[in-house]
Amino acid sequence: MDYKHCCVVNADGVYQTFVLVLLEQNEEGETTENVQGYKMAEGEQLIDTAPPSMRQHAGTSGFITPKWDDDAGAWIEGATAEQIAAWEAEHPDPVPLEDRRAAKTAAMSAACNAAITAGMDVTTTQGTEHFSLQETDQINLTAAVTAVQQGASDYPYHADGELCRMFTAAEIGAVGQASIAHKLYHTTYCNHLFAWIRRASAAELAGITYGAELPEDLAASMQALLAQAGGAGETEAET
């Protein structure tokens, strides 16, 4: 016997429960749905989708009153702003908000460092090559840039996974500039994430991830800073 699991929503699309549905064939060969352990009320219907994620307390993600949106084919929050505020007051976050902010800041700092050390792609005479920026890589690249700035026409260096070769002064300069743009973009973005974390509510804080789109005012601030720095960070889209 075939079966499936479905969500039950009421006439307004509000989630009620998650049920097992047996798929049976009648005498005419038509498939019928037999809901197990639950009696469907008038106006209720089955939605063949996974159940919504429910919020456990203030500061967590999910829904308070999940509602199925047929047009979007997804769950949306059916509770009003006032209802959400009242629910959060009755279900306070057991972890202090400042502790959550500290943990989120540490996580974003680690993600920023990982993004920087992962490095960037640079176009060289060999095509597109990738250059990591681990601490030793940054030290070696600084030495290479210094050498060409002092007049060296070429300098030994290597891309990730490649043998060391002689890079021209122009190539070393390109890798050096790309590394500056790469670091500038991520450190500036991370700094703006920190500002967002400091002002975020518990619910908003839960949705802040590395790579998330910044709020409008912080995005404008970041772009203005990068523009003042000569647009170097804008090259991040190409690295």
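The legends below describe close-up views of a predicted model.

**View 1**
Strand S1 covers residues 2-9, and strand S2 covers residues 15-25. The two strands pair in the antiparallel sense. Eight bridges connect them. Lys4 has Val21 in S2 as its bridge partner. Five residues sit between the strands of this hairpin. In the turn, Gly13 has a positive phi of about 85°.

**View 2**
Leu22 stands opposite Asn34 in S3. Five residues lie between the strands. Gly29 takes a positive phi near 85° in this hairpin.

**View 1. The loop between S4 and S5, seen at Thr60.**
Strand S4 spans 45-47 and strand S5 spans 66-69. Thr60 is found in the loop between them. Its side chain has a polar atom 2.6 Å from the backbone oxygen of His57. The backbone nitrogen of Gln56 lies 3.3 Å from a polar atom of the Thr60 side chain.

His57 belongs to the loop between S4 and S5. Is His57 buried or exposed? His57 counts as buried because its relative accessibility is 17%, under the 20% cut-off. Leaving out residues up to four places away in sequence, His57 touches Trp87, His91, Pro92, Asp93, Pro94 and Arg100.

S5 pairs with strand S6, residues 74-77. The strands run in the antiparallel sense over four bridges. Lys67 has Ile76 in S6 as its bridge partner. Four residues separate the strands in this hairpin. Gly73 takes a positive phi near 65°.

Strand S7 holds residues 120-124, and strand S8 holds residues 127-131. They run antiparallel and are joined by five bridges. Val122 stands opposite Glu129 in S8. How many residues lie between S7 and S8 in the hairpin? There are two.

**View 2. Ala144 in helix H3.**
Ala144 is found in helix H3, which covers 135-149. Ala144 counts as buried because its relative accessibility is 0%. Beyond its neighbours within four places in sequence, Ala144 is in contact with Tyr155 and Ile172. Tyr157 is 13 residues from Ala144 in sequence. Their C-alpha atoms are 7.7 Å apart.

**View 3. The largest pocket.**
The largest pocket has a volume of about 200 Å³. Its lining has 13 residues. Those closest to the pocket centre are Leu141, Val145, Gly176, Ser179 and Ile180. Helices H3 and H4 are the elements that give two or more residues to the lining. Which of the elements gives the most? H4 does, with seven residues. By class, the lining has five nonpolar, seven polar and one charged residues.

**View 4. Cys190 in helix H4.**
Cys190 is found in helix H4, residues 169-199. Cys190 is buried because its relative accessible area is 5%, under the 20% cut-off. Apart from neighbours within four places in sequence, Cys190 is in contact with Met108, Ser109, Cys112 and Tyr210. Cys190 and Met108 are 82 residues apart along the chain. Their C-alpha atoms are separated by 6.9 Å.

**View 5. Ala227 in helix H6.**
Helix H6 covers residues 216-228 and contains Ala227.

Technical notes:
Residues are numbered from 1 along each chain as its sequence is written. This is a predicted model: local features need pLDDT of at least 70, side-chain atom pairs count only at pLDDT 80 or more; totals for chains, interfaces and linings use all residues. Side-chain values use heavy atoms; hydrogens and water are left out. A polar contact is a pair of N or O atoms within 3.5 Å; within protein, one must be able to donate a hydrogen and the other to accept it, and residues adjacent in sequence count only if both atoms are side-chain atoms. Buried means under 20% relative accessible area, exposed over 50%, partly exposed in between (1.4 Å probe, protein chains only). Contact means heavy atoms within 4.5 Å. Two strands pair if DSSP finds at least two bridges between them. On a 1 Å grid over the protein atoms alone, a cavity is a set of points where a 1.4 Å probe fits but cannot get out, and a pocket is an open set with protein on both sides within 12 Å along at least five of seven lines; lining residues have an atom within 4 Å of a point. Grid points are joined across faces, edges and corners, and a volume is the space filled by probe spheres set on the points. Ala, Val, Leu, Ile, Met, Phe, Trp, Tyr, Cys and Pro count as nonpolar, Asp, Glu, Lys and Arg as charged, and the others, Gly among them, as polar.
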